[in-house]
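Take a look at the structure below. Then follow the text through it, one part at a time.

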Amino acid sequence: MNPASDLPWLAEPLANALRQQRGHALLVYGPTGVGQFEFAVMLARAWLCETANDQRAAGLACGQCASCHLVDARGHPDLRVLLPEALEEALGWASDEPPEESGEGKRRQPSKEIRVGQVRAALQFSELTRGRSRHKVVIAYPAERMNAIAANALLKTLEEPPPGQRFVLATEAADRLLPTVRSRCQAVRLELPVRDVALHWLAGQKVAQPEVLLAAAGGSPLLARDWELAGVDSATWAALPGGVRRGDASVLSGWPVPRAVDALQRVCHDALSLAAGGQPRFFAGLRPAPGAQLSELLAWSRELSRVARHAEHPWNAGLLIEALVTQGRDALGGDPGQRGRR
Ligand SMILES: [Zn+2]
């Protein structure tokens with residue numbers, strides 16, 4: 001990753017954050033998919049950079065020194081990154097913290113939380129070792145994935161940090177952090193980039209018809225890019241509402257349940273918006289379904305929310321998605337071309 005140039009919309013907020021930084025802990029927050037984690041790494045890279053301050057514009061990392069290279073190679077000894085195991089691969093940043101104990105021979109699902117053991121190991125490391133830099137930096141992302149025990153372990157050090165210690169807590173759900181943790185941090189809010197900047201960036205990532213996927217992702221370029229990488233291209237996306245109206249669950253075949261449910265929620269959102277005389281948000285150009293029933297759409301919406309809350313349970317994925325699509329078909333009034341054949 002060459003962070004600063006990779007996500008151009010973060011350059012200005014980064015310069016501002018470096019200029020305005022006062023405390024030893026920053027809370028980087030904002031809507032999903034702005035690049036909170038990448039921003040946290042850029043902050044750490046700037047703080048750890050070894051080029052003299054007066055030779056760097058706006059306190060930004062030089063990108064040339066040994067420290068910058070170590071961060072880019074994900075091997076800086078003074079940077080600890082706390083991630084849930086389940087996210088390590090997606091972010092390309094393996095944790096070097098001790099693995100959690102598990103029963104002998106049992107395969108364990110990768111943890112979706114930042115565990116207290118990870119937090120303690122990072123803090124101990126900060127206190128006990130002398131690094132190469134003036135600073136030591138701990139990044140936690142998504143910070144709300146620390147459970148209460150892990151957050152409390154961090155809180156003690158947030159209150160009385162060792163000299164030179166810095167923290168970046170990065171999150172897409174700041175409201176789910178402990179208030180005591182939030183209040184110890186200087187808040188840095190990130191915003192979604194304006195549409196043209198996002199479209200230009202997506203085109204540079206070889207995303208075809210970027211406007212379709214950008215709308216699909218609610219304006220988040222990183223989310224749009226992730227979907228494209230996961231095989232959801234703009235044609236697949238644009239075909240979803242029609243597929244649901246036909247009751248054809250095969251438009252979602254092979255999708256992981258959480259992604260499929262999320263997509264159906266977006267179909268439902270736009271159908272509700274159109275039925276109420278509003279505009280679609282996620283499917284540009286979508287027209288109101290003539291047979292749509294508001295009360296049935298609301299019931300579908302409630303059912304989708306209910307499933308989304310439990311989407312990590314071991315469902316029979318095929319049956320679940322089929323049932324949700326059938327409910328959606330009925331709420332949308334079905335496909336006019338197929339009426340009477342059911
Ligand atoms: Zn540097």
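What follows moves from domains to helix pairs and then to salt bridges.

This is a predicted model. Start with the overall layout. The domain assignment of the protein gives two stretches: domain 1 covers 3-189, and domain 2 covers 239-338. How far apart do the C-alpha centres of the two domains lie? They are 37 Å apart.

Now turn to the helices. Two packed helices are described by the angle between their axes and the distance between the axes. Keep both numbers in mind for each pair.

Begin with helix α6 (residues 116-128) and helix α7 (residues 148-159). Their axes come within 8 Å and cross at roughly 15°. Angles under 35 degrees count as roughly parallel, so α6 is roughly parallel to α7. The crossing of this pair is left-handed. Which residues make the contact? From α6 come V116, V119, R120, L123 and E127. From α7 come I149, A150, A153, L154 and T157. Sorted by class, the contact of α6 with α7 has 7 nonpolar residues, 1 polar and 2 charged.

The crossing of α9 and α11 is right-handed. On the α9 side, A198, W201 and L202 take part. They meet P221, L222, A224 and R225 in α11. This contact divides into 6 nonpolar residues, no polar ones and 1 charged.

The last pair is helix α14 (residues 257-275) with helix α16 (residues 317-331). The axes come within 11 Å and cross at roughly 5°. Therefore α14 also counts as roughly parallel to α16. In α14, the contact is made by V257, A260, V261 and L264. In α16, it is made by A317, L320, I321, L324 and V325. What classes do these residues belong to? The contact of α14 with α16 has 9 nonpolar residues, with no polar and no charged ones.

Finally, look at charges. Side chains of opposite charge can pair when their charged atoms come close. How many salt bridges does a search of the whole structure find? It finds 9. One of them joins D72 and R45, with the closest N and O atoms 2.8 Å apart. This pair links distant parts of the chain. D72 sits in helix α4 (residues 66-72), while R45 sits in helix α3 (residues 36-48). The two residues are 27 residues apart.

Conventions: Residues numbered from 1 in each chain as written. Predicted model: local features only at pLDDT ≥ 70, side-chain atom pairs only at ≥ 80, totals over all residues. Heavy atoms only, no water. Left-handed = near helix turned anticlockwise from the far one by under 90°. Helix = DSSP H or I, 4+ residues; strand = E, 2+ residues; numbered from the N terminus. Contact = heavy atoms within 4.5 Å. Nonpolar A, V, L, I, M, F, W, Y, C, P; charged D, E, K, R; others polar. Domains from an automatic or database assignment. Salt bridge = Lys/Arg side-chain N within 4 Å of Asp/Glu carboxyl O. Axes fitted to C-alpha atoms, helices over the stretch in contact; angles between N-to-C directions. Parallel < 35°, antiparallel > 145°, perpendicular 65-115°, else oblique.
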